[in-house]
Amino acid sequence: ESADVLILGAGPAGLTLANLLHAAGIDCVVLERADRAHVQTRARAGFLAANTVRVLERHGLADGLHRRGRPHGTCEFRTEDGSFRLDYGALGRHEQHTVYPQQDLVTDLLTHYLDAGGRIHFETEARTVQDAAGPRPTVAVQEADGRPDRWRARYVAGCDGRHGAARRSLPTGTLRHHRDHGVTWLGLLAEAPPSLDAVGYALHPHGFAGHMARTADITRYYLQYERGIPADAWSEERIWAELDLRMYTAEHGPLHHGRILQRSVIDLESDVIEPLRHGSLLLAGDAASLPAPAAAKGANLAVLEAELLAEALIDELAHHDSRALDRYSRRCLEHIWRAQEFAHWMIQLLHAPAGPDEGSYFHEAMRRSRIESLRTSRTHQDWFAENYVGI
Ligand code: FAD
């Protein structure tokens, strides 16, 4: 079996790419390890950057998020010293987020692609990409029934995330710049309406706590968590007691409590693969770079890179012009390192230092000073807003 472009993975990166290529008449097929139901219900991101919305609008993929997404432009910082709000939507470039759950975006992209006649194979796991150095790469796969198979292509787009086959198939010597930030979060989805009309960032001596709206009935919370402890170690009572404490509810009013629907342990790590092109194999999304979730950049980078990759592949396959493909890695890496830098800054803002600096008065005092600057300096606020929503 064959296609001009084989797309590994049906997440935001793979499905954006598939829609754009298919609309341009490029022969492509998506191979996805999971089944359709799993892909459409995997709750992860929720804050779409203005650029992401513009990309989706440009290609007629934004109907769902226009109907059901909600604009969002405020965050609130809570500390021992009090609280303050930043209306970031009115600062910097005056851009807002659109709150739209990732699983709804993925469902929209998938529905649009299938309605247009796009090809996708679910429950088909890519094992390795072979001969990527040359013009006829192949992908060894395992089909839903366990049968091994082999696909041929002219290009393989590795959009299969951080643990996918694309990364495993990179030639030895490929650079993977990795950073472990030494911080762990317990990520929670609660069956409870949002308790603030803002993204909440609480800095407490017990550690960081975060509040992010998802839908009218579902809220995402994060709690800084001890590394190595399983996700189910804390009872729901303990989780809510800790959220109440760290979100300073005694001063700011109660949180809506509810059942914890989902919990996962997230070690805050970042990495970047360099370069993103190896002959006929091109990486996009989490396969290319994992930005630690502190700055909510991952899904947004995935969509941005998918558009750049689609344009480059269309130029190459429809017009025999390979210049954009040659530039693809460099162009993406500029955005990736910018996002990485901001995520790193956010992590340092939100957490007491880990590792050798742990408990250091010096670092804690710098962190307080940084928060104070953000509270009082309009220039700092504009910089924050531009980077927070920008991509
Ligand atoms: P994925 O969405 O991971 O999709 C990869 C696909 O490839 C999957 O469907 C997988 O099943 C499939 N696959 C894997 N291996 C194979 C294989 N061998 N063969 C075939 N298919 C395979 N980002 C934001 O921008 N904003 C946020 O608010 C935000 N919040 C987050 C909260 C959490 C708790 C988490 C975990 C992440 C969050 N992110 C956020 C990050 C965001 O979810 C990811 O960056 C995004 O999903 C990346 O998209 P992708 O298409 O590259 O990869």
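My entries follow, grouped by topic.

**Entry 1: the model**

I noted at the start that this is a predicted model.

**Entry 2: α1 and α5**

I began with a pair of helices. Two packed helices are described by the angle between their axes and the distance between the axes. I looked up both values for helix α1, residues 12-23, and helix α5, residues 102-115. The angle is about 25°, and the axes are 9 Å apart. Angles under 35 degrees count as roughly parallel, so α1 and α5 are roughly parallel to each other. I also checked the handedness: α1 passes α5 in a left-handed crossing.

Next I listed who touches whom. From α1, the contact uses Pro12, Leu15, Thr16, Ala18, Asn19 and His22. From α5, it uses Gln102, Leu105, Val106, Leu109, Leu110, His112 and Tyr113. I sorted the residues of this contact by class and wrote down 8 nonpolar, 5 polar and no charged.

**Entry 3: α9 and α10**

I turned to α9, residues 298-319, and helix α10, residues 323-350. Their axes come within 9 Å and cross at roughly 170°. Angles over 145 degrees count as roughly antiparallel, so that is the word for α9 and α10.

I wrote out this contact too. α9 brings Leu301, Leu304, Glu305, Leu308, Leu309, Glu311, Ala312, Leu313, Asp315 and Glu316. α10 brings Ala324, Leu325, Tyr328, Arg331, Cys332, His335, Ile336 and Ala339. By class, the contact of α9 with α10 has 12 nonpolar, 1 polar and 5 charged residues.

**Entry 4: around the ligand**

How many residues surround the ligand? I found 34. The closest are Gly9, Gly11, Ala45, Gly285 and Gly298. Which element gives the most to this shell? α9 does, with 4 residues. At least two residues of the shell come from each of α1, β9 (125-130) and α9.

**Entry 5: β11 and its partners**

I followed strand β11, residues 148-158, next. With strand β1, residues 2-8, it pairs in the parallel sense over 6 bridges.

Valine 141 stands opposite aspartate 149 of β11. I saw that β10 and β11 form a hairpin, with 5 residues between them. Glycine 146 sits in the turn and has a positive phi of about 90°.

Then I checked strand β18, residues 281-283. It runs parallel to β11, and 3 bridges join the two. Glycine 158 stands opposite leucine 283 of β18.

**Entry 6: a sheet with three strands**

What is the strand order in this open sheet? I wrote down β3-β7-β4, with antiparallel pairing. β3 (47-48) and β4 (70-72) stand at the edges. Each has a single partner strand, so one side of each is left without a neighbour in the sheet.

Last, I checked one pairing here. β3 and strand β7, residues 97-99, share 2 bridges in the antiparallel sense. Phenylalanine 47 stands opposite valine 99 of β7.

Key. Residues numbered from 1 in each chain as written. Predicted model: local features only at pLDDT ≥ 70, side-chain atom pairs only at ≥ 80, totals over all residues. Axes fitted to C-alpha atoms, helices over the stretch in contact; angles between N-to-C directions. Parallel < 35°, antiparallel > 145°, perpendicular 65-115°, else oblique. Left-handed = near helix turned anticlockwise from the far one by under 90°. Contact = placed C-beta atoms within 7 Å. Nonpolar A, V, L, I, M, F, W, Y, C, P; charged D, E, K, R; others polar. Near = placed C-beta within 6 Å. Pairing = 2+ DSSP bridges.
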